[in-house]
Amino acid sequence: MSRIAFTGHRGLPPQTAELVDGAIREALAGEGPPLVGLSCLADGADQIFARAVLDLGGSLEAVVPAEHYREALPEGAHRAYDELYGHAARVHRLPFVESTSESHLAAGRRMLDGADELLAVWDGLPARGVGGTADVVAEARHRGIPVHVVWPRGAHRD
């Protein structure tokens with residue numbers, strides 16, 4: 001069984017989201033079944049990853065950083081979050097109430113606790129805040145967990 005934790009940028013422009021979707025699916029295509037993806041289901045790359053895991057016949061584990069996490073996501077991401085959450089085979093809830101940088105970093109660490117590798121949609125730049133993609137990548141590398149970085153040519157962030 002391959003357990004893949006995921007971290008990635010939020011707020012991707014539509015063209016970048018399309019490029020990222022293809023790159024994630026290509027990266028996951030080499031994973032043999034059974035595939036298990038761990039994700040916080042945030043807007044952007046997280047939801048793209050979760051959908052790809054399910055489309056490829058894998059199972060999804062949702063890691064919820066805080067009680068009010070969903071409400072802290074952009075309103076336009078709620079429907080996809082709810083749909084993906086409903087397909088999660090397992091849900092890991094962290095003991096935080098508010099969705100903060102601290103709870104997001106703790107969620108990244110929780111995903112790594114149960115992962116064989118980390119797939120990261122990352123532009124290689126420092127995190128814009130504590131608990132961002134770069135921080136989760138650094139934590140995985142510190143733990144010796146293999147990291148596969150995806151940032152397709154032509155991708156950019158807002």
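Biologist: In what order do the elements of the protein chain run from the N terminus on?
Modeller: They go β-α-β-α-β-α-α-β-α-β-α-β. Helices are DSSP runs of H or I with at least four residues and strands are E runs of at least two, numbered from the N terminus. It's a predicted model, so local features need pLDDT of at least 70, side-chain atom pairs count only at pLDDT 80 or more, and totals for chains, interfaces and linings use all residues. Residues are numbered from 1 along each chain as its sequence is written, and side-chain values use heavy atoms, leaving out hydrogens and water.

Biologist: How many helices and strands is that?
Modeller: 6 helices and 6 strands.

Biologist: New topic: how much of the chain is buried?
Modeller: 49% of the 158 residues, where buried means under 20% relative accessible area with a 1.4 Å probe, protein chains only.

Biologist: And what box do the C-alpha atoms fill?
Modeller: Roughly 35 × 35 × 35 Å, along the principal axes.

Biologist: What about contacts between residues at least 6 apart in sequence?
Modeller: 76% of those join residues at least 24 apart; a contact is heavy atoms within 4.5 Å.

Biologist: OK, which residues lie nearest the centre of the largest pocket?
Modeller: Gly8, Arg10, Gly131, Gly132 and Thr133, out of 29 lining residues. A pocket is an open set of points on a 1 Å grid where a 1.4 Å probe fits, with protein on both sides within 12 Å along at least five of seven lines, and lining residues have an atom within 4 Å of a point.

Biologist: Which helix gives the most to that lining?
Modeller: Helix 5, with 5 residues.

Technical notes
Buried means under 20% relative accessible area, exposed over 50%, partly exposed in between (1.4 Å probe, protein chains only).
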